[in-house]
Amino acid sequence: MRECSAMKQYKPNPIDISDVTLPTQKKKIAETSNDTLKHNPCLVPYSKLPESEKVYDRDTAVCTLKAILKLGFKIEEA
């Protein structure tokens with residue numbers, strides 16, 4: 001595969017979120033589902049996911065929230 005010039009210049013710069021702590025209060029966001037578009041075996045109710053997928057999803061959500069805070073944004077209740 002041939003690289004374009006933009007790919008040669010790309011230098012990843014991940015955000016260090018190791019020093020960010022999240023508030024302990026948690027709220028679940030309401031989910032919507034569309035049964036006709038379930039193409040992935042992991043598109044099931046959360047309670048039916050394997051524990052490994054639940055851990056992955058929680059870790060991804062926590063890291064996303066930490067990155068948001070690290071970038072200087074605030075997360076507030078409405």
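**View 1. K54 and its surroundings.** Contacts here are heavy atoms within 4.5 Å; with residues up to four places away in sequence set aside, K54 touches Y46, S47 and L49. K54 sits in helix α2, where helices are DSSP runs (H or I, at least four residues), strands are E runs of at least two, and both are numbered from the N terminus. K54 is buried and yet has no salt bridge. The nearest side chain of opposite charge belongs to E51, 4.3 Å away. For the charge bookkeeping, Lys and Arg count as positive and Asp and Glu as negative, while His and the chain ends are not counted. Buried means under 20% relative accessible area, exposed means over 50%, and partly exposed is what falls in between (1.4 Å probe, protein chains only). A salt bridge needs a side-chain nitrogen of Lys or Arg within 4 Å of a carboxyl oxygen of Asp or Glu.

**A note on the model.** This is a predicted model, so local features need pLDDT of at least 70 and side-chain atom pairs count only at pLDDT 80 or more, whereas totals for chains, interfaces and linings use all residues. Residues are numbered from 1 along each chain as its sequence is written, and side-chain values use heavy atoms, with hydrogens and water left out.

**View 2. The whole chain, for orientation.** Two helices and zero strands make up the secondary structure. Of the 78 residues in the chain, 6% are buried. The accessible surface comes to about 7,700 Å², and carbon and sulfur atoms own 58% of that; the areas come from the Shrake-Rupley method with a 1.4 Å probe, and for residues only the protein chains shown count as cover. Take the contacts between residues at least 6 apart in sequence: 63% of them join residues at least 24 apart.

**View 3. The two salt bridges.** Side chains of opposite charge can pair when their charged atoms come close. The structure holds two salt bridges. In one, the side chains of D19 and K70 meet at 2.9 Å, N to O. D19 lies in the loop between α1 and α2 and K70 in helix α2, so this pair ties together parts that are 51 residues apart in sequence. D19 counts as exposed because its relative accessibility is 53%, while K70, at 36%, is partly exposed. E51 and R58 also meet through their side chains in a salt bridge, at 3.0 Å, N to O. E51 is partly exposed with a relative accessible area of 47%, and R58 is partly exposed too, at 38%.

**View 4. V20 against helix α2.** V20 belongs to the loop between α1 and α2. With a relative accessible area of 11%, V20 is buried. Skip the neighbours within four places in sequence, and V20 is in contact with K66, L69 and K70. V20 and A67 are 47 residues apart in sequence, but their C-alpha atoms are 8.2 Å apart in space.

**View 5. S18 in the loop.** S18 is found in the loop between α1 (5-9) and α2. S18 counts as exposed, at 63% relative accessibility. Its side chain joins that of D16 in a polar contact of 2.7 Å. A polar contact is a pair of N or O atoms within 3.5 Å; within protein, one must be able to donate a hydrogen and the other to accept it, and residues adjacent in sequence count only if both atoms are side-chain atoms. S18 and K66 are 48 residues apart in sequence and 8.5 Å apart in space, C-alpha to C-alpha.

**View 6. A nonpolar surface patch.** I15, L65, I68, L71, F73 and I75 make a nonpolar surface patch of about 550 Å². Patches are made of residues with over 30% relative accessible area and no salt bridge; like charges are joined within 9 Å and nonpolar side chains (Val, Leu, Ile, Met, Phe, Trp, Tyr) within 5 Å. L71 lies in the segment after α2 (51-70), and at 55% relative accessibility L71 counts as exposed.
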